[in-house]
Amino acid sequence: MEYSEKVMDHFMNPRNVGEIENASGVGTVGNAKCGDIMKVSLQIADGIIQDAKFRTFGCGAAVATSSMATELVKGKTIQEALEVTNKAVMEALDGLPPVKVHCSCLAEEALHAALWDYAEKNNIKIEGLKPPVNDVDELHHHGHEEG
């Protein structure tokens, strides 16, 4: 399996590992099928993501995508952070092997789950943010239809 240099770099030297104490929002998502679990915590002030940290139990690609995702959202507004999709993460990493594309979905979902948590805690509505899923695998089976 061919990984880009960026993927290898983020896997070997992941950025933003850990947890933020008293985080503004925390999101944990897993993928039952491959056993990956990702937890993202965000520090948000004045609508800007000041800091983002993650803990990931999973394969190298899962670690690399969560590392890159946290890098991409730091310093961004909440709305900008919503635009950090799995596709954006993959592009930033110069692509992922097809079998690992789901790892970038995990990063996107964990990020969105953390933003959702922040919105819930502060009684705000974030435009365009959907309720998080616990198991990313569900996304692929049910599509994104609103039920």
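The legends below accompany an overview and several close-up views of a predicted protein model.

**Figure 1. Overall fold of the predicted model.**
The secondary structure comprises six helices and three strands. Read from the N terminus, the order of elements is α-β-β-β-α-α-α-α-α. The C-alpha trace extends over about 45 × 35 × 20 Å along the principal axes. Of the contacts between residues at least 6 apart in sequence, 62% connect residues at least 24 apart.

**Figure 2. Surface and charge of the protein.**
The accessible surface amounts to about 7,700 Å², and carbon and sulfur atoms contribute 51% of this area. Buried residues account for 47% of the 147 residues. The protein carries 13 positive and 23 negative side chains. The centres of these two sets of charges are 3 Å apart.

A disulfide is a covalent bond between the sulfur atoms of two cysteines. The structure contains zero disulfides. Cys59 takes part in no disulfide, and its nearest cysteine sulfur, belonging to Cys103, lies 3.6 Å away. This separation exceeds the limit for a disulfide, which requires the two sulfur atoms to be within 2.5 Å. Cys105 is likewise in no disulfide, the nearest cysteine sulfur being that of Cys103 at 8.7 Å. Cys105 has a relative accessible area of 13% and is therefore buried.

Ala69 belongs to helix 2, which covers residues 60-73. With a relative accessible area of 3%, Ala69 is buried. When residues up to four places away in sequence are left aside, Ala69 touches Val89 and Ala107. Phe54 is 15 residues from Ala69 along the chain, and the C-alpha atoms of the two residues are separated by 9.4 Å.

His112 is located in helix 5, formed by residues 101-121. The relative accessible area of His112 is 13%, so this residue is buried. Apart from residues up to four places away in sequence, His112 touches Leu82 and Leu129. Glu109 also lies in helix 5. A relative accessibility of 9% places Glu109 among the buried residues. Between Glu109 and Gly128, which are 19 residues apart in sequence, the C-alpha to C-alpha distance is 13 Å.

Asp46 occupies the loop that joins strand 2 (36-45) to strand 3 (48-57). Although Asp46 is not a glycine, its phi is positive, at about 55 degrees. The relative accessible area of Asp46 is 80%, and the residue is therefore exposed.

Asn123 is found in the loop between helix 5 and helix 6, the latter formed by residues 137-142. The phi of Asn123 is positive, at about 55 degrees, although the residue is not a glycine. Asn123 counts as exposed because its relative accessibility is 73%.

Methods: Residues numbered from 1 in each chain as written. Predicted model: local features only at pLDDT ≥ 70, side-chain atom pairs only at ≥ 80, totals over all residues. Heavy atoms only, no water. Helix = DSSP H or I, 4+ residues; strand = E, 2+ residues; numbered from the N terminus. Buried < 20%, exposed > 50% of the residue type's maximum accessible area, 1.4 Å probe, protein only. Contact = heavy atoms within 4.5 Å. Areas by Shrake-Rupley, 256 points an atom, 1.4 Å probe, with all protein chains shown as cover. Lys, Arg positive; Asp, Glu negative; His and termini not counted. Charge placed at Lys NZ, Arg CZ, Asp CG, Glu CD.
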